[in-house]
Amino acid sequence: MSELEYMIEMNEINKWYGDFHVLKDVNLKVKKGERVVICGPSGSGKSTTIRCINRLEPFQEGEIFVKGLELTEDVKRIREVRTKVGMVFQHFNLFPHLSILENLILAPTWVGKKSRKEAIKIAMHYLERVKIADQADKYPNQLSGGQQQRVAIARCLCSDPDIMLFDEPTAALDPEMIGEVLDVMTELANDGITMVCVTHEMGFAKKVADRVIFMDEGQIVEENTPIEFFENPKSDRLKLFLEQILDH
Amino acid sequence: MAIYKKLKTRPAPLGTKGIIYWIKENLFPSITSSVLTFLSFLLLYYTIPPLLDWMIFDATWSGTKEEITGSGARWIFIFEKFNQFIYGFYPEEQYWRPNLILAIFFIYVIGFKKTKSTLLRAFILISFPILSFLLLYGGFGLDVVPTTKWGGLLLTIVVASVGIIASFPIGILFALGRQSNMPIIKTISVIYIEFIRGVPLITLLFMSSVILPLFFPEGMDFDKLLRALIGITMFQSAYIAEVIRGGLQAIPKGQYEAADAMGLTYWQAMGLIILPQALKISIPNIVGTFISLFKDTTLILIIGLFDVLAMVTLTSTDAKWLGFETEGYVFVTMIYWIICFSMSKYAKSIEDRFNTNHR
């Protein structure tokens, strides 16, 4: 078997909500180990784009391959793709009725069919990695936002995904907690996991991204290396956007 | 520019705690409140002592009917008819069978709480209804007691618990069905729920006792109690479905998405993530519908089954004991109240145990 060229391949994706055309001819190819940051004004379709990759959003036209597997309507295929893709949400979406540890071992035991003992070992490993192992028996609501988001990242890692998707992971956090989450994400990026991250943290984009993509009104407007992207924007829309977010 | 020193904490001023402060603050804070407090005490003074006199101090607790002297309640009627209230027409020499079920129930409850083995718990949950039915109905060497002989509180509890236990899983399925993306399943669920909720329980009981037999072959005897149970379960499951749907709707979309994104199947996501949270939110309302069901079981009277209330009505027409229905109804009222109040207290304790918000 030859080495796969792309981990994610989105070809000409078009999506409508009723009559509203949310994604227009989106093409996105992500290589193994590549780190892509997507930014853009709200309502530009950036979240929708990454939510198509694990089929949380259906799309009407185009095709998506994840690790060479085509994302079809088939429920089994969708689940197969989802086990390869981890997703971190803006609002963490931890399960409040389960302890931190139970949150982490859920997917490995029920989806990965691992023994409980083995799952706990994996869970503790990742909890240590996000520096939160001492909170394993607490419940999500007892943790701060930053801690919850780190748990959510650890929860994804427990399923041993090939790709991590981040959907504005710091947007719901208090300012003093953004740093701890970005640190964990930076560490992950340095370990070479493939990641696609929707965020407005431009510092993070400059530091870790291989490529930055700017979306507006449902389409990809510009993509470039971080240096070129920030220092030499081509389109007027990106120039305006950068001006606005760098202003304050 | 100003800099402020960190202040020390100090105790609350005198006269802001203690009993006298509490009374002043809560019972007599203003003129209107004081008047209301006074009126409430007056009301209690005129109602409670006479009630206690009737129920306890002037009541007749022992002796025969001819020896009644006091002006209070004549509880001897209750003692005389107690077995009929509890067991209905169940043969007296077989009373040990329902009593044994009650004993097994308590042993099982303790066993269920003490054990950690899932297998043993499953055994308890499955064997109890089977064992109860075998003991009550008979067979396997025990005399058969046909369901027409079941009555009184025994029947009330049988009908209520079968209704509660059977309607719960059915209600969950209809609630999930109503939320389903599959149009046919959704439509069937909506029609079922809205139809059942649109008719009174009495109608359903009539339907299941009169119309249901029409679907069965001629001459096939279809147990009257079973017909009532089917009607009650259909009724209750529609209400449970709506209560649980309310709980399902309160679960944030993110929980469904997180479960999906992990690769859980539909049933795993529902069983592990969504339902545990939805049921927890719904506990007060679920118990509320259970309590109404427990009280609604009195309606089985109209299809000729004698529950505890019907037994009281029946025994007070006994020529020997005419005019004793007041005591009977007070007794039944207390039975209903004790059971319903316990259910609501138990629900509160489950709710507290499942509370993982820890805010």
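Reader: With which residue does Arg51(A) form a salt bridge?

Author: The model is a predicted one. One salt bridge is counted between chain A and chain B. On the side of chain A the residue is Arg51(A), its closest N and O atoms to the partner lie 2.6 Å apart, and that partner is Glu257(B).

Reader: Which element gives the largest share of the side of chain A that touches chain B?

Author: Two or more residues each come from helix 2 (75–84), strand 6 (85–88) and helix 3 (100–110) of chain A. The largest share amounts to four residues, and the element that gives it is helix 3 of chain A.

Reader: How much area is buried between chain A and chain B?

Author: In terms of residues, 24 of chain A are in contact with 21 of chain B. Phe95(A), His97(A) and Asn141(A) supply 27% of the area that chain A buries against chain B, more than any other three residues. Carbon and sulfur atoms give 62% of the area buried between the two chains, which is about 2,000 Å².

Reader: Are the residues on the two faces of strand 3 of chain A buried or exposed?

Author: In a regular strand, side chains alternate between the two faces of the sheet. Strand 3 (residues 35–39) of chain A pairs in parallel with strand 8 (residues 194–198) of chain A through four bridges, and with strand 9 (residues 211–216) of chain A, also parallel, over four bridges. Arg35(A), Val37(A) and Cys39(A) on one side, and Val36(A) and Ile38(A) on the other, are all buried.

Definitions and conventions
Residues are numbered from 1 along each chain as its sequence is written. Chains are lettered from A and ligands numbered from 1 in the order in which they are written. This is a predicted model: local features need pLDDT of at least 70, side-chain atom pairs count only at pLDDT 80 or more; totals for chains, interfaces and linings use all residues. Side-chain values use heavy atoms; hydrogens and water are left out. Buried means under 20% relative accessible area, exposed over 50%, partly exposed in between (1.4 Å probe, protein chains only). Two strands pair if DSSP finds at least two bridges between them. Contact means heavy atoms within 4.5 Å. Buried area is the accessible area (1.4 Å probe) that two parts lose on being put together, summed over both. A salt bridge is a side-chain nitrogen of Lys or Arg within 4 Å of a carboxyl oxygen of Asp or Glu.
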